[in-house]
Amino acid sequence: MNADEQIALVFDFDGTIVDSMNAFADIAAEVMPKRLPIDAAAAREKYFETSGLPFFQQLEAIFPGDPANRETAEEYERLKLEGYFDEPLFDGVHDTLAALRKSGVKAIVSSNNFQHLVDRFVEMKGMRFDMVLGFRDGFAKGADHFRHIERELGIPRERITFVGDSLKDGERAADCGVSFIAKEGIFTRDQFQSKFPGVKVIKELSELKNLF
C-alpha cells in the first residue's frame with residue numbers, strides 16, 4: 001500500500017477488543033447505589049447508556065455536580081483493577097490484527113481507559129498494534145486521538161475508520177468526520193442502525209478481514 005493510500009483502523013478497547021464491559025457494569029452497579037440515589041439495576045443501565053466515557057465523566061453525565069461522584073469513581077477504579085487483567089480478549093483478535101498487518105492497514109487502539117492500564121494489557125496479551133492511545137489529562141478518545149493519528153502517521157480522517165461498541169463511539173466518529181463500524185455487544189444492530197442509519201455493524205472482529 002502506497003503512503004498516500006495508507007488507511008488506519010482505530011479500535012475502541014474495552015467492549016471491542018477486551019470482553020470487559022459486563023464486569024465493569026457489575027462494579028458500577030455495586031458502587032453507585034452506596035452514595036448516589038440509584039438502585040443497582042438502574043445503575044447498570046445508566047452505565048451502559050453512557051459507556052465510552054471515563055467513569056468519572058459517566059458519573060457527571062448521570063449526576064451532574066454531585067459531591068459523591070469523586071469518591072464513587074475512586075472506588076470503582078480500585079475495584080476494576082482487581083480482576084481487569086484476567087478479562088479475556090474477544091475471539092479473533094490476534095488473527096484479525098495479523099490479517100490487517102498483512103494488508104498494510106495501520107491498527108490503533110483508542111481508549112478512554114487510562115493509558116498505563118491499556119499499555120499493560122496490550123503487553124500482557126501480546127497484541128501488536130501500530131499505536132496505543134489511552135486516556136490522560138487533556139488527551140481523550142475522540143478528537144484528541146484522531147488529531148494525534150493524523151499528525152504522527154500522516155493519515156487524514158477520510159482514511160480513518162473507528163471500530164467501537166458504544167453509541168458514544170459512533171457519536172465521536174461522526175463529530176470528528178471519520179467512518180464508523182459498530183460492534184454488537186452492549187448495543188444491538190437495531191440500536192446502532194436506528195442511531196446511525198446505514199452504519200456497518202459486525203458481530204465478530206474477524207469480519208473486518210473481509211472489509212480491508
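Student: How many residues does helix H1 have, and how far does H1 reach from its first C-alpha to its last?

Tutor: Happy to walk through it with you; please keep in mind that this is a predicted model. Helix H1 covers residues 21–35, which makes 15 residues, and it reaches 22 Å from its first C-alpha to its last. That is close to the 21 Å expected at 1.5 Å a residue.

Now look at which side chains of H1 are hidden. Met21, Phe24, Ala25, Ile27, Ala28, Ala29, Val31 and Met32 are buried. An α-helix has 3.6 residues a turn, so residues three or four places apart point the same way.

The structure holds 1 cavity of 30 Å³ or more, and about 230 Å³ of space lies in the largest cavity. It is lined by 22 residues, and those closest to its centre are Asp14, Tyr47, Leu53, Asn112 and Asn113. H1, H3, H4 and E2 each give at least two residues to the lining of the largest cavity. The largest share of that lining comes from E2, with 4 residues.

E2 leads us on to the sheet. Here 6 strands form an open sheet in the order E3-E2-E1-E4-E5-E6, with parallel pairing. Strand E3 (131–135) and strand E6 (200–202) are the edge strands, and each of them pairs on one side only. From one strand to the next, the twist averages 25°.

Within that sheet, strand E2 spans residues 106–114 and pairs with E3 in the parallel sense over 4 bridges. You can find the pairing by eye at Phe114, which stands opposite Phe135 in E3. Helix H6 (residues 115–125) lies across E2 and E3, and H6 runs at about 130° to E2.

Moving along the sheet, strand E1 (residues 8–11) pairs with E4 in the parallel sense over 4 bridges, and Leu9 stands opposite Thr161 in E4. On to the next pair: E4 is joined to strand E5 (residues 179–183) by 4 bridges, and the two run parallel. Gly164 stands opposite Ala182 in E5.

Is strand E4 mostly covered or uncovered? Strand E4 (residues 160–164) is mostly covered, with 5 of its 5 residues buried. Both faces take part: Ile160, Phe162 and Gly164 are buried on one side, and Thr161 and Val163 on the other.

Gly142 sits in the loop between E3 and helix H7 (143–153). Why does Gly142 count as buried? Its relative accessible area is 3%, and buried means under 20%. Leaving out residues up to four places away in sequence, Gly142 touches Ser110, Arg172 and Cys176.

Terms used:
Residues are numbered from 1 along each chain as its sequence is written. This is a predicted model: local features need pLDDT of at least 70, side-chain atom pairs count only at pLDDT 80 or more; totals for chains, interfaces and linings use all residues. Side-chain values use heavy atoms; hydrogens and water are left out. Two strands pair if DSSP finds at least two bridges between them. Axes are lines fitted to C-alpha atoms, for helices over the stretch in contact, and angles run from 0 to 180 degrees between N-to-C directions. Contact means heavy atoms within 4.5 Å. The expected span of a helix is 1.5 Å times one less than its number of residues. Buried means under 20% relative accessible area, exposed over 50%, partly exposed in between (1.4 Å probe, protein chains only). On a 1 Å grid over the protein atoms alone, a cavity is a set of points where a 1.4 Å probe fits but cannot get out, and a pocket is an open set with protein on both sides within 12 Å along at least five of seven lines; lining residues have an atom within 4 Å of a point. Grid points are joined across faces, edges and corners, and a volume is the space filled by probe spheres set on the points.
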